[in-house]
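Work through the exercises below with the model open beside you. Each task comes with a stepwise solution.

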Amino acid sequence: MRCKFLFLLLLLISVISCKVPGDVVYFQDSKDLEQITSTNSFTPVFKVDDIVSILISASDMDAARPFNLAGGSSVSNGGAENGGASSGGGSTEPTYLIDEEGNIDFPVLGRLKIAGLTRIEAKEMIKEKLKIYINDPIVSVRLQNFKITVLGEVSSPGAYTIPNERITIIEALGMAGDLTIKGKRGNVMVIRENEGVNTYHRVDLTSKSIFESPVYYLAQNDVLYVEPNDSQIRTSKTNNNTLAIVLSMFGVAITTIGLILR
């Protein structure tokens with residue numbers, strides 16, 4: 001009997017140990033030396049409430065200066081925030097908040113609609129308008145508030161600012177310290193907001209199909225949520241039930257002591 005028991009115990013341990021990697025290993029269906037060509041491409045477009053820095057320069061900086069906000073100036077409702085233009089080193093680039101109609105208030109040129117445009121499109125549009133005033137203008141445009149949020153079963157949940165306007169799900173999880181052992185790798189959620197509408201996408205990190213996902217490249221303000229796996233949920237429920245039982249027993253004990261003392 002003892003031998004049979006030990007055999008069954010070893011068999012159970014073997015089954016469990018074989019099953020666990022299947023829950024935590026990424027890209028399980030990829031083959032050795034397999035080449036995967038991703039057809040995904042992503043270029044962020046400007047949205048309402050984005051903060052954009054725009055700096056104008058030219059060989060004749062005197063001609064370009066009126067199109068850069070003066071240092072320390074501030075304009076509300078789509079104008080500059082903490083703006084400072086500059087030709088000199090150490091000064092900050094002029095920044096603009098895109099208003100509810102998708103516009104910014106730009107010096108001399110007036111209101112410019114840049115919501116819905118990519119960085120390159122906005123750059124070319126401004127450059128074209130400047131040609132009336134400046135010979136060979138140089139336009140620098142950057143999105144300042146590209147931010148993603150990672151929540152759930154990761155080592156370091158939080159909001160992360162992305163300086164280069166481009167990040168994948170894999171890179172975002174790496175920034176957050178990777179999933180904990182309790183994270184559900186086969187069902188990670190990406191929440192994306194566009195013009196007030198939230199869409200929910202689920203991706204499987206254990207499959208190479210993630211490289212073809214439309215949310216493989218994250219957009220600004222995306223939320224990445226990692227659900228707890230079943231064992232973590234069961235543990236949480238067990239802990240809650242245990243606490244309820246302990247509190248109930250404590251209450252009964254207090255009541256009994258009170259009756260005895262009476």
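**Exercise 1: A charged network**

Arg 111 counts as partly exposed, at 44% relative accessibility (partly exposed lies between buried, under 20% relative accessible area, and exposed, over 50%; 1.4 Å probe, protein chains only). The model is predicted: local features need pLDDT of at least 70, side-chain atom pairs count only at pLDDT 80 or more, and totals for chains, interfaces and linings use all residues. Residues are numbered from 1 along each chain as its sequence is written, and side-chain values use heavy atoms, with hydrogens and water left out.

Task: find the salt-bridge partner of Arg 111, then the network that holds Arg 111.

Solution. 
- Step 1. Apply the criterion: a side-chain nitrogen of Lys or Arg within 4 Å of a carboxyl oxygen of Asp or Glu.
- Step 2. Arg 111 meets Asp 105 in a salt bridge, at 3.1 Å from N to O.
- Step 3. Check the partner's cover. Asp 105 is partly exposed, at 25%.
- Step 4. Salt bridges link Asp 99, Glu 101, Asp 105 and Arg 111 in a network.
- Step 5. Look at Gly 110 in strand 4. Leaving aside neighbours within four places in sequence, Gly 110 is in contact with Ile 104 and Asp 105 (contact: heavy atoms within 4.5 Å). Gly 110 is partly exposed, with a relative accessible area of 28%.

**Exercise 2: Salt bridges across the sequence**

Task: count the salt bridges in the whole structure. Then place the pairs Glu 93 with Arg 142 and Arg 119 with Glu 165.

Solution. 
- Step 1. Side chains of opposite charge can pair when their charged atoms come close.
- Step 2. The search of the whole structure gives 10 salt bridges.
- Step 3. Glu 93 and Arg 142 meet at 3.6 Å, N to O. This pair links distant parts of the chain, 49 residues apart. Glu 93 sits in the loop between helix 2 (61–64) and strand 2 (95–97), and Arg 142 in strand 5 (residues 138–143). Helices (H or I, at least four residues) and strands (E, at least two) are DSSP runs, numbered from the N terminus.
- Step 4. Compare cover with the cut-offs. Glu 93 is partly exposed at 23%, and Arg 142 is partly exposed at 41%.
- Step 5. Arg 119 and Glu 165 meet at 3.8 Å, N to O. Arg 119 lies in helix 3 (residues 119–130) and Glu 165 in the loop between strand 7 (158–161) and helix 4 (169–175), so the pair ties together parts 46 residues apart in sequence.
- Step 6. Arg 119 is partly exposed, at 33%. Glu 165 is buried, at 12%.

**Exercise 3: Positive phi**

Task: what are the phi values of Glu 165 and Asp 136, and is Asp 136 buried or exposed?

Solution. 
- Step 1. Glu 165 is not a glycine, yet its phi is positive, near 60°.
- Step 2. Asp 136, also a residue that is not a glycine, has a positive phi of about 50°.
- Step 3. Locate Asp 136: the loop between helix 3 and strand 5.
- Step 4. Asp 136 is exposed, at 66% relative accessibility.

**Exercise 4: Whole-chain totals**

Task: how many helices and strands does the protein chain have, and what share of its residues is buried?

Solution. 
- Step 1. The chain has five helices and 10 strands.
- Step 2. Of its 262 residues, 32% are buried.
- Step 3. Among contacts between residues at least 6 apart in sequence, 61% join residues at least 24 apart.
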